[in-house]
Amino acid sequence: MPMPSALSFELLGKCSVTKARAATLHLPHGPVPLPIFMPVATQASLKGLTPEQLEKQGCRLCLNNTYHLGLKPGQATLDAIGGAHRFQSWPHNLLTDGDSFQMVSLLKLAQVTEEGVRFLSPHDGSPMLLTPEHSISLQNSIGSDIMMQLDDVIVTTSPDLARMKEAMERSVRWLDRCIQAHKYPERQNLFCIIQGGLDLDLRRECTAEMVARDTPGIAIGGLSGGEAKDEYCKVVDTCTGLLPEKKPRYVMGVGYPEDLVVSVALGADMFDCVWPTRTARFGNAITSRGVLNLRNAVYSTDFGPIEEGCQCTCCRPPEDGGLGITRAYVYHTTAKETAGAHLLTMHNVHYQLNLMRLVREAILEDRYPAFLRSFFAKLYDDKSKYPEWAVGALKGVGVDLLSD
Amino acid sequence: MSQGRPTPEVSQVPREMVDFEVLKTTGARAPRLGRFTLGGRKPILTPAFLGNTSRGVIPHMSPDNFGRYAGSNGVYVALEDFVEKHPEKTPPVFEYNVPEPLRRFAALPQDTPLVLGARRTPPIPTPATHTNTAISLLTSVGYKSVSSEYYAAAARKLRPDVVVGMADIPFGQATISIKRKDKMSDRTEAWLRHLVTTRNTMAVAPGEPRFDIFAPILPIERDLQSWYLEHLLDDMVDSISGLAIYDAFLLDDLPDALHHLPRLSLHVPASPHELLRQVSLGMDLLTVPFISSATDAGIAFDFTFPPPETPKSSVRQTLGIDMWHAEHARAVTPLSKGCQCYACTKHHRAYIQHLLSAKEMLGWFLIQVHNHAVVESFFTSLRTSIDAGTFDAHVATFEAYYEPQLPEKTGQAPRARGYHFRSEEHAKKEKKNPKRWNGELGGKGKAVLEGAHGQQPEKKQEMMHVIDDEALIDLVGIEHGAEAVHVEDLKIEDDVKG
Ligand SMILES: [Zn+2]
Ligand SMILES: [Zn+2]
């Protein structure tokens, strides 16, 4: 019996060279364009931005963290209030991730058993157990449009292949328990998470098992943990090659602009990362020519916008209804006023969302290879500086960045 | 923001001088109603308050949110927030070559009246003494002496609407000798004269506004500043558009010939009661630093003027709610019943309590919006009350109904930022952002989080393992370079100097 689904995936175009796809994903709280970058509002709030400010940067799908919301405000409160959308007054879509679990697994005292993850509460040291059933129950209370299974994650760089295999197989069994426990499949979409570290055979095996369970969407997990980038690309490429065309593919924890455009070429559709918003607090602005640290004194008298032509609330000139914020003003406020962080956060979120909008347009017009070439040409002033992994990965899908 | 205040039309005429019209008064030393108009800006019905900025923003409000939720007020901006000491150079904003550099730099709305003063309000005392030509400012990177020439040049360059004349006030000094008071009067006179000359001789294009000047009234007895006041009346009164008053009680002694001028209060009030007292003495424009300090402490105002009509209770009501209290965790109610602000109409106490306890910046923003809305409607209603002749009676019921002070602060303020470090705290060796939980888990050793992998980290090698995520910091003790992690990485430059 196919699993009920609360989404529909409308494939709109495919790149004739790479594996890139453009689609519209219809979710319970409205349609979202794919490929997509999803900002991370870990604790039901995005670094000081109001829901309206986030909305104005174009966001229609953002993340909350299951485990954090489970601790604060807690399940009882979420139930009483009627879920996380109401709790944070966010009228658009929410995805809840469980990568908190990964964090928990990094605690030396955490212990993974077949039942779940045992650990001591970071609040008071009391023993706690996180099971697939508990994770799903929490996500049902949260009411997220996309919920993620609880998985057993090992750092990809772990040399222990036996433990890696055990974790992969356990993740499959836990998916079954998650599906069983899921109370509202007709209004919340449960995504599986493919595990298997950097071992491509394990990944293939896991992909086959996960696909057989027919969840509405599929995530590739356990990556962006410091593995070599070419290994990362091989895993993404291998998995997407085995995935059904008509389902969204989500690569977890990825957010550097060059990683996004390469991963899209490898056939991935959805991404999330805390980096763009976290780095804003250090004064880092993401631009098409690279990351600028606006806390550097050279920007103190730079009265240009954060990025020329950017249409975010900050960069747009007042004549166009924006604030006309200058780099000098970001320098003036960053790390001194919380509002300084709000400004850069808006810009960085807008940059990421706009990048994906441009990617989508290029795919729809079947000029994604040309887009990739101009993207890298802007980011690096010389071809010799292009990262090898990106050149290699794109060559694998038919785009030679180094040719003219 | 909160509805209610009738907003008169923005005047289209180019600005020359402030137009201040007293609409109603019952004599000296009494509350009065007025309309304060700057050409091209939104007129302000007085008594009213100005938003108190820090580095050009109302704390926690990005400029877009200020325009959206609080922009009906004018703002007070301090020059010391824009002057840097290291490196010794021209303040960056002076090099911004646009028609209204300060307004444009801080992205203030075009119709918001902008008042510039030398010092923040309240100012933090500086150890350096003033000289005949200069006062001492406290910038984000240390003390800097600023001459009256420099100040006048800054005013000319930055083009705020109103400039408050530089006053020689030895802030923080408990007792001031008669001799010193004489000097205060002499210097303030000379500095104001210089500012007036600079303004009057400024070359401007036809129709281009200069700036208006508010003359400071020193917080000393009238006799001791009589020399200054005489000169003010003799040959400067036509060049000034208002008064900046550092001690509201001196309104008693104000020369009659200055009564027509709008009065800006830089007398720091501690409570709404003190605002009422200043208004009752005839103040027109007030600054209310306690709004932001209450917000920082997580206190949401809960008072109206006049107070609600309820059966007499023997207990006085609190002026604000401490949003740190867990009792709000499930309350799907607004901060104040009936409040029309963004925080109260769009969000609820449960969320705001969560944001504070999760140390999410949005929590302080929402309380800040609300607190500004409460003070805004406080002023709206007191104007109505003055108009109806019920002000004194309402003040009496207000004082009987509410506690005399704002509630005690229990919660943590947001992470300390630049200006919080400046005052006496420098002397103390305490950690500014003390660590909360120490990571001990049932005595079994520290829980350690070595970088939140599974999310791409910072690219720079030295930042790789730096976690700057309140959520994570709260959950686990982070060992990897604990100092760096403790957001000491967001170094405030004056720290470096120790
Ligand atoms: Zn921008
Ligand atoms: Zn309110």
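**Entry 1: domains of chain A**

I began with chain A, which is divided into domain 1 (8-273) and domain 2 (279-366). I noted that the model is a predicted one. I looked up the C-alpha centres of domain 1 of chain A and domain 2 of chain A and found them 28 Å apart.

**Entry 2: where the two domains meet**

How many residues of domain 1 of chain A are in contact with domain 2 of chain A? I found 32 residues of domain 1 in contact with 19 residues of domain 2. Between them the two domains bury about 2,000 Å², and 70% of that area is on carbon and sulfur atoms. For the side of domain 1, I wrote down A:F37, A:K47 and A:Q57, which supply 31% of the area it buries against domain 2, more than any other three residues.

I then checked the interface of domain 1 of chain A and domain 2 of chain A for polar links. The rule finds zero salt bridges there, but six residue pairs in polar contact.

**Entry 3: the zinc ion in chain B**

Which protein atoms are the donors of the zinc ion (ligand 2)? I listed B:C339 (SG), B:C341 (SG), B:C344 (SG) and B:H370 (ND1), at 2.1 to 2.3 Å from the ion. In sequence these donor residues are spaced C-x1-C-x2-C-x25-H.

The angles among the four donor atoms run from 98 to 119°, and the site is tetrahedral. For comparison I noted that the ideal angle for four tetrahedral donors is 109.5 degrees.

Notes
Residues numbered from 1 in each chain as written. Chains lettered and ligands numbered in written order. Predicted model: local features only at pLDDT ≥ 70, side-chain atom pairs only at ≥ 80, totals over all residues. Heavy atoms only, no water. Donors = N, O, S within 2.8 Å, 3.2 Å for Na, K, Ca; no water. Tetrahedral: all angles 85-135°; square planar, octahedral: opposite > 155°, others 65-115°. Domains from an automatic or database assignment. Contact = heavy atoms within 4.5 Å. Buried area = accessible area lost by both parts, 1.4 Å probe. Salt bridge = Lys/Arg side-chain N within 4 Å of Asp/Glu carboxyl O. Polar contact = N/O pair within 3.5 Å; in protein donor to acceptor, adjacent residues only side chain to side chain.
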